[in-house]
Amino acid sequence: MPKGHLINLPVGSGKTRLVLANILRGSKRNRRVINIRLARTVIIGPRHEVRRPWIRELAILAYRWRLLSDVNNEDSLRSMKIAKLSNILRKNDFRLPLFFTYQKIGKFRKGIHCHYLVLDEWHNVTTEIRDKCKQQDFMPWYLGGKVKKDIYFVSATPVNPVLEQEIDINETPCSDEQFKARMTEATNRAITIVSGFMNIRLPMKKDR
């Protein structure tokens, strides 16, 4: 059974680097060991754009560990686009983790085998995945049972009172009861996702 880690920190506080450093902990900055870890890592997010911060922070870690050549300074890495960052890492013989979107992963039937699974912005999983997390029977797509070591739930907003991806957010003040109802629903959704991926089958407490 994998260990679950809830990374709940504000935007810009270093969540990505923290998770990468944890995955690579104990590698002793050995490129071969680092690549083994990266090859066994899967990162999932709501959009393809989530790849950039992960690849950027990986490049910054490699630079700080003096494993990158032809890089003048850390600031230059921060301004690079994803294609150039990827090329620099590959040129220096680094593997890249596998990246998927929640929309794509929801269609997988056989799941994914990995040691480290990162759910970035996990409060934004698709309705399809969230519904499957509620199922009590065998789930062919289920990832947690095939993750050997760690699952990281990463988000600055793990419980989001904006329950849907609304284009126009209604700014009309809501009553205390309406706010409580939305927060209860958002919390229950978060519990459902964590329970589903960790394969925890316990009755959810309502009206928390």
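Author: A nonpolar core is a set of buried Ala, Val, Leu, Ile, Met, Phe, Trp, Tyr and Cys residues joined through side-chain atoms within 4.5 Å. The model discussed here is predicted.

Reader: How many residues does the largest nonpolar core have?

Author: V19, L68, L77, L89 and V118 have the most contacts inside this core. At least two residues each come from α1, α2, α3, α5 (82–91), β4 and β5. The size of the largest nonpolar core is 31 residues.

Reader: Where in the chain is confidence highest?

Author: The chain has a mean pLDDT of 83, and 83% of its residues reach 70 or more. Confidence is lowest in α7, at a mean of 82. The highest value is 95, and it belongs to helix α2 (residues 31–39).

Reader: Why is the pair of W122 and F153 edge-to-face?

Author: A search of the whole structure finds 1 aromatic pair. The ring centres of W122 and F153 are 5.6 Å apart. Planes over 60 degrees apart count as edge-to-face. The planes of W122 and F153 are at 75°, so the pair is edge-to-face.

Reader: How many residues apart are W122 and F153?

Author: W122 sits in the loop between β4 (114–120) and α7 (127–133). F153 belongs to strand β5 (residues 147–154). The pair links distant parts of the chain, and the separation is 31 residues.

Reader: Are W122 and F153 buried or exposed?

Author: The cut-off for buried is under 20% relative accessible area, and for exposed it is over 50%. W122 and F153 are both classed as buried.

Reader: Which residues are the closest to the centre of the largest pocket?

Author: The volume of the largest pocket is about 380 Å³. Its lining has 20 residues. By kind, they divide into 6 nonpolar, 7 polar and 7 charged. The closest to the centre are V11, G12, K15, T16 and D120.

Reader: Which element provides the largest share of the lining of the largest pocket?

Author: Two or more lining residues come from each of α1 (15–23) and α3 (51–64). The largest share is 4 residues. The element that provides this share is α3.

Reader: Which strand gives the most to the lining of the largest cavity?

Author: The structure holds 1 cavity of 30 Å³ or more, and about 30 Å³ of space lies in the largest cavity. R47, H48, V50, R51, F99, F100 and T101 line it. Of these, 3 residues come from strand β3 (residues 98–101).

Reader: How many residues of that lining are nonpolar, polar and charged?

Author: The lining of the largest cavity includes R47, V50 and T101. Divided by kind, this lining has 3 nonpolar, 2 polar and 2 charged residues.

Reader: What is phi of R29?

Author: Most residues other than glycine have a negative phi. R29 is found in the loop between α1 and α2. Phi of R29 is positive, near 60°.

Reader: What is the relative accessible area of R66?

Author: R66 lies in the loop between α3 and α4 (74–78). Phi of R66 is a positive value, near 60°. Exposed means over 50% relative accessible area. R66 is exposed because its relative accessible area is 77%.

Conventions. Residues numbered from 1 in each chain as written. Predicted model: local features only at pLDDT ≥ 70, side-chain atom pairs only at ≥ 80, totals over all residues. Heavy atoms only, no water. Phe/Tyr/Trp six-rings, centres within 6.5 Å; stacked < 30°, edge-to-face > 60°. Buried < 20%, exposed > 50% of the residue type's maximum accessible area, 1.4 Å probe, protein only. 1 Å grid on protein atoms, 1.4 Å probe; cavity = no way out; pocket = protein on both sides within 12 Å on 5 of 7 lines; lining within 4 Å. Points joined across faces, edges and corners; volume = space filled by probe spheres on them. Nonpolar A, V, L, I, M, F, W, Y, C, P; charged D, E, K, R; others polar. pLDDT = per-residue confidence, 0-100.
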